[in-house]
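Opening the notebook on a new model today. I want to go through its holes, its surface and one of its chains, and jot down what turns up.

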Amino acid sequence: MADQPTAIERFVQGILPENPVYRQLLGLCPTLAVTNGLQAAITMSAAVTFVLVCANVITSLIRNLLKPHLRIVIFTLTIATFVTIADRFLAAYLYQMSKVLGPYIPLIIVNCLIICRCEVCASKQGVFTAGADAIGQSLGFCLALCSIAAVREILGTGGLFGIRVLPAAWSDWVIMVLPPGAFLTFGLLLGLVNWYSDRRSGKANRG
Amino acid sequence: MLSYLIDIFLIGIVAALINNFVLYYFVGICPFVGVSRKISTAFGMGCAVIFVISIAALISWTITTYVLMPGAPLTQWAAGLFMTPEAAAGVDLTVLSYIVYIFAISSSVQFVEMYVRKFFPPLYKALGVYLPLITTNCAILFACLVIMSKIVGVDNPADAWDLGRGLTLAVGGGIGFTIAIVIMAGIREELDLCDVPKPFEGAAITLIVAGILALGFMGFTGVDSGLRKAMMPEPAAVTAQVQAAPEAGGGDVHN
Amino acid sequence: MKPIEPMEPMPQSTLERLKNNNIIQAWLVLSLALFFGSALAGVQMTLGPKIEENKINETREKVPELVLGKEGAQQMAEAGETLEALPESVVVEKGGKQSTYSVFEALKGGERLGWVVKSSGQGYADKIELLLGLDPAAEKITGIFVLEQKETPGLGNKIVTDAWRGQFVSKGTAQRIAVVKGGNADGPNEINAVTGATISSKAVTDIINLAVADLKGPLAAKGSEGK
């Protein structure tokens with residue numbers, strides 16, 4: 001397994017070069033659904049981070065015992081358990097937030113991002129690398145969610161975290177906090193990211 | 001009876017059009033972006049989703065009502081074998097619901113696949129390739145979760161959803177998914193002929209088009225309250241009739 | 001029926017076959033399921049009561065404001081007094097259908113100050129859930145609070161503002177409340193609609209009218225027998 005990426009490579013890759021949302025287009029449901037406010041986006045990212053780190057570490061620990069045809073069952077079982085734990089914790093300590101996020105917390109179970117990391121990284125590499133990979137990917141996920149949420153919240157309500165930052169003369173673009181705003185913002189940001197990375201790789205090729 | 005039928009009808013309309021699964025709740029986005037290149041494949045995917053979502057709703061409604069919810073009959077009976085009736089009444093298995101749902105969905109997908117392959121080979125040829133993909137389609141789990149939220153923890157036990165309502169929601173949601181993905185595929189077939197800026201090719205332009213589509217679907221908001229008013233004249237509404245008349249049309253007053 | 005054959009010494013291949021048996025292979029799944037199941041049970045045991053408490057507190061916190069008004073609640077908090085809120089459920093039968101309301105009885109030192117009713121109904125976009133404060137005899141509305149709504153931001157969601165909700169305070173329950181468009185409500189039981197969101201305003205009013213019609217009798221009866 002000499003050609004497997006090291007822990008640091010995994011960590012760095014997750015944040016930008018292999019950003020789960022912008023580059024791999026994984027986990028789009030929460031990306032669109034909970035990004036009408038930064039607070040919700042950060043809570044969601046925290047929940048995903050918890051589940052991803054726990055699932056990756058457990059999978060990595062038992063990777064030598066995994067049978068090929070049973071591994072998806074085990075991944076699902078692990079993920080579903082940790083999602084339930086995260087859901088209960090939110091309901092107990094951040095009740096208002098858990099009401100806002102509603103069904104999108106349990107929907108983390110079918111978030112392709114997590115099962116994909118278990119399959120690609122954790123079932124093949126050691127605990128340390130798997131943990132680093134999980135944290136890197138979660139940071140990338142958080143970054144993507146926060147970028148979309150920031151754009152939507154500023155344009156849609158004129159504020160961040162519920163505190164007004166734009167002058168009162170700004171008339172709020174209500175559409176940005178409604179469902180269509182999610183699609184439009186994410187589509188435009190995705191195009192922007194593609195354009196930027198094309199330009200950079202073009203430069204690198206020429207230079 | 002009539003009011004029940006109206007209720008069912010409205011649940012279906014709301015799930016399919018007004019609060020469309022894809023364009024309002026954002027569930028099932030992955031296949032919506034991934035499998036919407038051609039109308040025929042999109043339609044196949046949609047049919048497979050309708051099929052699986054109804055089975056999943058049936059299973060999850062049954063399990064929730066008889067096993068998982070607090071005071072569910074089967075659990076009460078089973079717990080009653082080991083403990084006092086008072087202790088058995090307090091048994092609450094809702095914490096297990098997410099795990100149970102996801103396994104119910106994946107095993108039902110497996111069984112459906114085997115059954116269809118054995119008995120309906122043509123159908124299997126049409127839908128088979130999409131079936132395994134559906135397990136990780138959030139729309140299915142989402143339908144189960146919505147049904148659960150209508151059964152567990154409602155203030156008024158008489159308002160808890162029966163099987164008919166649950167199934168209608170699931171089928172309506174599946175139809176809504178099909179409508180959205182087929183429209184999207186139609187647009188994308190045309191889009192292939194357009195000159196899209198290079199960074200926006202593929203997913204980015206799909207999402208922007210979906211945004212405009214969602215904007216269009218927003219026009220359905222409020223149709224349900226209008227329909228409800230039109231179909232169910234409330235007996236108590238006599239005193240409020242003075243200003244009720246001009247608004248019977250529904251959604252047009254808003255926005 | 002086949003006669004039972006005498007047991008032969010287990011050949012090597014049987015052991016191999018046993019190893020490849022699906023059930024045996026699933027031991028990892030089963031043991032993980034047991035482990036996770038007990039972990040979940042632990043989480044539920046520790047957090048379950050707190051979650052239940054959160055659900056009730058959400059309503060209970062609002063009881064002083066709804067019964068005494070914002071200033072009254074503040075004065076009471078400054079004086080260091082507290083209001084007791086007893087959760088109850090009231091079952092109403094009409095037309096052969098039972099509906100259950102969860103009702104909080106607001107008590108201060110044994111004296112009843114009012115009721116808070118939780119009620120919900122269909123709004124413009126989704127379900128609206130609200131709390132309704134009533135005086136002890138259920139003759140006057142003392143306040144409303146919107147717990148949950150998904151109305152259009154900027155239009156329908158103005159139903160949560162203090163100014164709009166304030167219109168309901170001290171309306172009588174003898175008559176239905178009516179919504180008036182255009183901002184010139186002057187009758188004793190009229191309120192102004194939110195501009196551009198008549199349906200949301202009417203939805204809230206309908207929920208209140210229904211709850212009042214259902215509960216006026218039972219609550220008034222309780223009020224007179226309690227004294």
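My entries follow, one topic at a time.

**Entry 1: what kind of model.** I note first that this is a predicted model.

**Entry 2: cavities.** How many cavities of 30 Å³ or more are there? I count two. The largest cavity has a volume of about 70 Å³. I looked up its lining and got 13 residues, with A:Cys29, A:Pro30, A:Leu107, A:Asn111 and B:Cys138 nearest the centre. Which element gives the largest share of that lining? Helix 2 of chain A (residues 28-33) does, with three residues. By residue class, I have eleven nonpolar and two polar residues around the largest cavity, and no charged ones.

**Entry 3: second largest pocket.** I put this pocket at about 580 Å³. Its lining runs to 23 residues; nearest the centre I find A:Ile72, A:Val73 and A:Thr76 from chain A, plus B:Ser106 and B:Gln110 from chain B. Three helices each supply at least two lining residues: helix 4 (71-93) and helix 6 (112-122) of chain A, and helix 6 of chain B. Which of them gives the most? That is helix 6 of chain B, with seven residues. I sorted the lining of this pocket into 14 nonpolar, eight polar and one charged.

**Entry 4: a nonpolar patch on chain B.** On the surface I picked out a nonpolar patch made of B:Tyr66, B:Leu74, B:Trp77, B:Leu81, B:Phe82 and B:Met83. Together they have about 720 Å² of accessible area. I then went to one member, B:Leu81, and found it in the loop between helix 4 (73-80) and helix 5 (85-89) of chain B. Is B:Leu81 buried or exposed? It counts as exposed because its relative accessible area is 58%, and the cut-off is over 50%.

**Entry 5: B:Phe120.** Another loop residue I checked is B:Phe120, between helix 6 (97-119) and helix 7 (121-127) of chain B. At 40% relative accessible area, B:Phe120 is only partly exposed, since exposed would take over 50% and buried under 20%. I also took its separation from B:Pro31: 89 residues in sequence, and 24 Å from C-alpha to C-alpha.

**Entry 6: chain C.** Along the sequence I read the order as α-α-α-α-β-β-β-β-β-α-β-β-α. Chain C has 227 residues, and 43% of them count as buried.

Terms used: Residues are numbered from 1 along each chain as its sequence is written. Chains are lettered from A and ligands numbered from 1 in the order in which they are written. This is a predicted model: local features need pLDDT of at least 70, side-chain atom pairs count only at pLDDT 80 or more; totals for chains, interfaces and linings use all residues. Side-chain values use heavy atoms; hydrogens and water are left out. Patches are made of residues with over 30% relative accessible area and no salt bridge: like charges are joined within 9 Å, nonpolar side chains (Val, Leu, Ile, Met, Phe, Trp, Tyr) within 5 Å. Accessible areas come from the Shrake-Rupley method with a 1.4 Å probe; for residues, only the protein chains shown count as cover. A salt bridge is a side-chain nitrogen of Lys or Arg within 4 Å of a carboxyl oxygen of Asp or Glu. Helices (H or I, at least four residues) and strands (E, at least two) are DSSP runs, numbered from the N terminus. Buried means under 20% relative accessible area, exposed over 50%, partly exposed in between (1.4 Å probe, protein chains only). On a 1 Å grid over the protein atoms alone, a cavity is a set of points where a 1.4 Å probe fits but cannot get out, and a pocket is an open set with protein on both sides within 12 Å along at least five of seven lines; lining residues have an atom within 4 Å of a point. Grid points are joined across faces, edges and corners, and a volume is the space filled by probe spheres set on the points. Ala, Val, Leu, Ile, Met, Phe, Trp, Tyr, Cys and Pro count as nonpolar, Asp, Glu, Lys and Arg as charged, and the others, Gly among them, as polar.
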